[in-house]
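Please read the following briefing alongside the sequence and the structure.

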Amino acid sequence: MSTISNNTHDSYEKNLSQDPRERAPLVTGGKDFSAVTSTVADLARGWPNIWWWAAFLFSSSLLAMLGGLLGYLFTTGTGIWGNNQPVAWGFPIVNFVFWVGIGHAGTLISAILFLFRQNWRTGINRFAEAMTIFAVMCAAIFPGVHVGRPWLAYWLFPIPNQMDMWPQFRSPLLWDVFAVGTYATVSTLFWLTGMVPDFATLRDRAKNVIAKFAYSVVSIGWTGSSRHWHRFEKAYLILAALATPLVLSVHSVVSFDFAVAQLPGWHTTIFPPYFVAGAIYGGFAMVITLAVPCRKLFGLEDIITWRHIENMSKVMLGTGMIVAYAYGVEFFIAWYGQVPEEQFAFLNRMRGPYWWAFALMIFCNCIGPQILWFRKARMNVWCVMFAAMCVNVGMWFERFVIIVTSLVRDFLPSSWDLFKPTWVDITMFIGSFGLFFTMFLLFLKFLPTCAMAEIKSVMPEAHAHSGPGGEAMDSEGRSDYQPD
Amino acid sequence: MSEVTEKSDHQPKPGRIVGIIGEFDNVEVLMTAAKKMRDKGFKRWDVYSPFPIHGIDDAMGIKPTILPWIVLGAGVTGFFVGLLLTVVTMSTDTYTPMMPGTEIVGYKFMISGKPFNSLPAWIPVIFEMTILLSAFAAVFGMFLLNRLPMLYNPLFKIDRFVRATDDRFFIGVDSKDSLYKRAETEKLLKDIGASAIEEVVD
């Protein structure tokens, strides 16, 4: 390896420097361009370490379990789930909304932070985009199998069929098909396009013939020509500009599934922004959950630095406050609206049979992550992981609370019934983590984990004229510095 | 391919001479060099770098790409596709032929009190179609304008060029450029700071 990691206490401090006169480096350990290349490329080139194998064995066995359960479901029918009347939805939709939410941080980091010129995104964006795609894959499974006859899922698409019928465009569930479908497609395009130059880097460094061939095909002949970069950057900017309203729309549309209904507790205009904030909250928690162990186990500490973790902690803190505010507003509007059913629904959430889920949600989403207010906690790996795990758990329970507590007790007491998940419900949810982590580990092994080209472009050496203090200047001598 | 090689006096190599590339060690030298190449009036030349360099478009004199207009066109198309898909299928009495021999009935059912032509309910679909087509146009338009995929490139035969995706910068001049003269161009590249020069042979 061409670099010596001199990741001293000093470089951590400098990296986190809040002094606006100084441009804190985004890449620590004194790495130059080729060191960045080798750090990332060696991961894809070498034999994975023991941690990878352990994680892969574990997650792929969970994936196998999911496969078995899906087989059981297809051969037996949806009766193996705890879904009943009135809770016709239950776990599949809880899991769907949970996983779609996880997918939000990826596009947010990639697109919105790109438009805001937040250079720190370069270390983690590839990572987060990959997470988005795998989370959307997990999400797609649940409504797909929830329709009961999944082999007829193509009825959702507006294609000619033997019944001479179109899908029902008035239904929010069909809007979901378009929103989630577009989101998955555009995220994948964004991810793959961004990877082309990095595939070229891997192609030029691949040792064995198969890898060389595979990377050659996926890098589609990228040379790094500036004329190509010019159009590439324009396309990337346009994609980011398209993905930004898309990321906000997709979870808004998911929330319409609920908000367009008349059920007490669902019929709320705050749902779109509240769901989006919650999704970003849960998504960033998952990025932290993945990034903190990965940077340690796969030697990415100089690229995914504490500054990244700290920034993500701050985003989590901010979106967490929005979520807490939304919980408050829901209760306020229920009281202020003076609709007895609505008021009952919210009291029932807090004090009814699922009070424990509500309490867990409040603790995990509103109380636990507040430790991130303290810089000492943001700098401590255990505290950050604790906060992130709180949010992961809390956001799942948030969806559970919204869906189940509203459905079990609606307008008519005669139609009330409790919901009890079966072992299949629970193991299928665990199995979906198997799919997610298996895909993620394969990504870590075979694809460029970090956006090498983008990381290099925010390093001080990438700028033609270096001003005093390593600050980059453009040709007219103006400073290029943007605080982040 | 079958073009006859002009006999070069130093290293005779088989094949067609595509051009010449010069290697540069850092962005600063490269930037000045690019400006000089532009000012000399070269047309068929390029800079190769592992990452997009801030300001190189001006230094090379690259004109803005037409890509945004392509995306706009695709976006407008997507908007109308979404509009047609929803309005025609949900609010017309007529059969809506889609493919020869297939006729599909509109879905004229009163659901949740929405009128047949309930434009607000179509907004999500129209919006997603607009975004979807624009995104496809942005990505595939960009690759087509760049003439990619192109898996064969004589540049990949040069060992030195491997570093163009790592940490080095190259200026390449095509032999078809009107100002290209083997020896003079080589000297020019040396003068503007190239640390190594190599001929690209197909």
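**Interface and sheet**

Chain A and chain B bury about 6,200 Å² between them, 68% of it on carbon and sulfur atoms, where buried area is the accessible area (1.4 Å probe) that two parts lose on being put together, summed over both. This is a predicted model, in which local features need pLDDT of at least 70 and side-chain atom pairs count only at pLDDT 80 or more, while totals for chains, interfaces and linings use all residues. Residues are numbered from 1 along each chain as its sequence is written, chains are lettered from A in the order in which they are written, and side-chain values use heavy atoms, with hydrogens and water left out.

**Interface**
- In chain A, the residues that lose the most area to chain B are A:W166, A:R170 and A:R227, together 15% of what that side buries.
- A:R227 also forms a salt bridge with B:D46, the closest N and O atoms being 3.9 Å apart; such a bridge is a side-chain nitrogen of Lys or Arg within 4 Å of a carboxyl oxygen of Asp or Glu, and the count between the two chains is two.

**Sheet of chain B**
- Four strands (DSSP runs of E, at least two residues) form an open sheet in the order β2-β5-β1-β6, with antiparallel pairing, a pair requiring at least two DSSP bridges.
- Because β2 (45–48) and β6 (196–201) of chain B stand at the edges with a single partner strand each, one side of each is left without a neighbour in the sheet.
- Six bridges join β1 (residues 17–24) of chain B to β5 (residues 169–174) of chain B, and B:G22 has B:I171 as its bridge partner in β5(B).
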